[in-house]
Amino acid sequence: MPWWLDTLIGLVAALLLAWLALVVVLLAARPKGSLLREALRLLPDLIRLLRRLAADASLPRGVRVRLALLLAYLALPIDLIPDFIPVLGYADDAVVVVLVLRGTVRRAGLDAVRAHWPGTPDGFAALCRLSGLPTT
């Protein structure tokens, strides 16, 4: 067998294993019960929040890059789990957003997220509940 074919097979196998590992993580961390419905209602405000945070020059560059990559991921039609799979198809987007938002709060602080939140205080409280962020 030629060396390039061995390399191609190894690369495909590694990508498949990485994808399977991501699917397992998403299954373990997906929102339970009505949390997914609540997350979908917050989606317009959440997209505006992510855009505002990504454009804020006072935040660390790593945070802004991570947020810009998240916005690009959400805009692309390609997902880790295809959207036609019931519940999990949309849950993977929600889980990825939650993970990036948690990292943003760790690096930039909850006050920065609160300052850029475009929605209501109740919506911000729901966002904190969904993403496991402190409310104070």
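Along the sequence, the pattern reads α-α-α-α-α-α.

Before you click further, know that this is a predicted model, in which local features need pLDDT of at least 70, side-chain atom pairs count only at pLDDT 80 or more, and totals for chains, interfaces and linings use all residues. Residues are numbered from 1 along each chain as its sequence is written, and side-chain values use heavy atoms, with hydrogens and water left out.

**Colour by confidence**

The mean for the protein chain is 78, and 83% of its residues reach 70 or more.

**Show the surface**

Of the 136 residues, 34% count as buried. Buried means under 20% relative accessible area, exposed over 50%, and partly exposed in between (1.4 Å probe, protein chains only).

Next, select Trp 3, Trp 4, Leu 8 and Val 12. Together they form a nonpolar patch on the surface with about 500 Å² of accessible area. (Patches are made of residues with over 30% relative accessible area and no salt bridge; like charges are joined within 9 Å, nonpolar side chains (Val, Leu, Ile, Met, Phe, Trp, Tyr) within 5 Å.) Leu 8 sits in helix H1, residues 3–29, and is partly exposed at 43% relative accessible area.

**Go inside**

Hide the surface and pick Leu 46, Leu 49, Phe 124 and Leu 127. Of the 25 residues in the largest nonpolar core, these touch the most other members. Helices H2 (35–55), H3 (61–75), H4 (88–108), H5 (110–116) and H6 (121–131) each supply at least two residues of this core. A nonpolar core is a set of buried Ala, Val, Leu, Ile, Met, Phe, Trp, Tyr and Cys residues joined through side-chain atoms within 4.5 Å.

Zoom in on Phe 124. Which residues does Phe 124 contact, leaving aside its neighbours within four places in sequence? They are Leu 110, Val 113, Arg 114 and Trp 117, where contact means heavy atoms within 4.5 Å. Then select the rest of H6: its buried residues include Gly 123, Ala 126, Cys 128 and Leu 130. H6 is followed by Gly 132, whose phi is positive, near 70°.

**Find the salt bridges**

How many salt bridges are there? The count comes to two, a salt bridge being a side-chain nitrogen of Lys or Arg within 4 Å of a carboxyl oxygen of Asp or Glu.

- Select Arg 48 and Asp 45 in helix H2, three residues apart, about one turn of the helix. Their closest N and O atoms are 2.2 Å apart. Arg 48 is partly exposed at 32%, while Asp 45 is buried at 17%.
- Select Asp 111 and Arg 114, whose side chains meet at 3.6 Å, N to O. They are three residues apart in helix H5, so about one helical turn separates them. Asp 111 counts as exposed at 58%, and Arg 114 is partly exposed at 34%.

How values were computed. Helix = DSSP H or I, 4+ residues; strand = E, 2+ residues; numbered from the N terminus. Areas by Shrake-Rupley, 256 points an atom, 1.4 Å probe, with all protein chains shown as cover. pLDDT = per-residue confidence, 0-100.
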